[in-house]
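Trainee: I would like to go through this model and ask what stands behind each label.
Mentor: Go ahead.

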Amino acid sequence: MNAARDWFRRAAAPFFRPDVAVAPDPLAPDPRVLARGFAAAFALCASGERPVRLLAARAPGADFRVLLHAVRGECAVERTRPAASGGLPARATARLPPFTAGAGPAVFGLAGGGDDLRLLLLPGSARDPRVRVSFRFFP
């Protein structure tokens, strides 16, 4: 099952056209860059009332953990590797508009040797105004 999912992810990746792309500097892997990028994408989706495709690129040599916390309304990004990096913080948070991840995961790994993270953000409806994080397109 994982092999089929990985194959589909690689085959469909060239067709994913991001509205917001965020990439940390590989020489100075700052988690604040990713946190601000997630906040910008969520704000664009909430204000524009249209789907937003978010691409979070990996940084070679650096690993990040991204946590979307719907109750707190924030995105927390932790740099897990390298542990210390020239005075840059190891953790950063950013406020997000109200959102829901539904039944999908809310914690993502962004490893330097792995794949980029592709998310589809869907605007809320009149019944539920929260931004929805969708994983149907790229599970």
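Trainee: Which strands form the open sheet, and in what order?
Mentor: Four strands form it, in the order S5-S4-S3-S7, and the pairing is antiparallel. This is a predicted model: local features need pLDDT of at least 70, side-chain atom pairs count only at pLDDT 80 or more, and totals for chains, interfaces and linings use all residues. Residues are numbered from 1 along each chain as its sequence is written, and side-chain values use heavy atoms, with hydrogens and water left out.

Trainee: What makes S5 and S7 edge strands?
Mentor: S5 and strand S7 (107–110) each pair on one side only. Helices (H or I, at least four residues) and strands (E, at least two) are DSSP runs, numbered from the N terminus. Neighbouring strands of this sheet are turned by 20 degrees against each other on average, direction ignored; axes are lines fitted to C-alpha atoms, for helices over the stretch in contact, and angles run from 0 to 180 degrees between N-to-C directions.

Trainee: How do you know that S3 and S4 pair?
Mentor: Two strands pair if DSSP finds at least two bridges between them. Seven bridges join strand S3 (residues 63–69) to strand S4 (residues 74–81), which run antiparallel. Arg-65 has Glu-78 in S4 as its bridge partner. The hairpin of S3 and S4 has four residues between the strands, and Gly-73 there takes a positive phi near 70 degrees.

Trainee: And what joins S4 to S5?
Mentor: Five bridges, again with the strands antiparallel. Glu-78 has Arg-91 as its bridge partner in S5, and Glu-74 stands opposite Arg-95 in S5. In the loop between S4 and S5 lies Pro-82, which a cis peptide bond joins to Arg-81, with omega about -5 degrees.

Trainee: Where does H2 lie relative to the sheet strands?
Mentor: H2 lies across S3, S4, S5 and S7, and runs at about 15 degrees to S5.

Trainee: Why is Ala-92 called buried?
Mentor: Buried means under 20% relative accessible area, exposed over 50%, and partly exposed in between (1.4 Å probe, protein chains only). Ala-92 has 7%, so Ala-92 is buried. Ala-92 lies in strand S5 (residues 91–95).

Trainee: Which residues does Ala-92 touch?
Mentor: Not counting residues up to four places away in sequence, Ala-92 touches Pro-31, Arg-32, Ala-35, Cys-75, Ala-76 and Val-77. Contact means heavy atoms within 4.5 Å.

Trainee: Is Glu-49 buried or exposed, and why?
Mentor: The relative accessible area of Glu-49 is 66%, so Glu-49 counts as exposed. Glu-49 sits in the loop between H2 and strand S2 (52–56). Its phi is near 55 degrees, a positive value in a residue other than glycine.

Trainee: The structure holds one aromatic pair. Why is the pair of Phe-42 and Phe-99 called edge-to-face?
Mentor: Rings of Phe, Tyr and Trp (its six-membered ring) pair if their centres lie within 6.5 Å; planes under 30 degrees apart count as stacked, over 60 as edge-to-face and the rest as tilted. The ring centres of Phe-42 and Phe-99 are 5.2 Å apart and their planes are at 70 degrees, so the pair is edge-to-face. The two residues are 57 residues apart: Phe-42 is in helix H2 (residues 31–48) and Phe-99 in strand S6 (residues 99–100). Phe-42 and Phe-99 are buried.

Trainee: What makes the contact of Arg-53 and Asp-19 a salt bridge?
Mentor: A salt bridge is a side-chain nitrogen of Lys or Arg within 4 Å of a carboxyl oxygen of Asp or Glu. The closest N and O atoms of Arg-53 and Asp-19 are 3.5 Å apart, and the pair forms a salt bridge. Arg-53 is in strand S2 and Asp-19 in the loop between helix H1 (2–12) and strand S1 (20–22), 34 residues apart. Arg-53, at 28% relative accessibility, counts as partly exposed, and so does Asp-19 at 31%. A network of salt bridges links Asp-19, Arg-50 and Arg-53.

Trainee: How many salt bridges does a search of the whole structure find?
Mentor: Nine. Among them is Asp-30 with Arg-32, where the closest N and O atoms are 2.8 Å apart. Asp-30 counts as buried at 10% relative accessibility, whereas Arg-32 is partly exposed at 33%.
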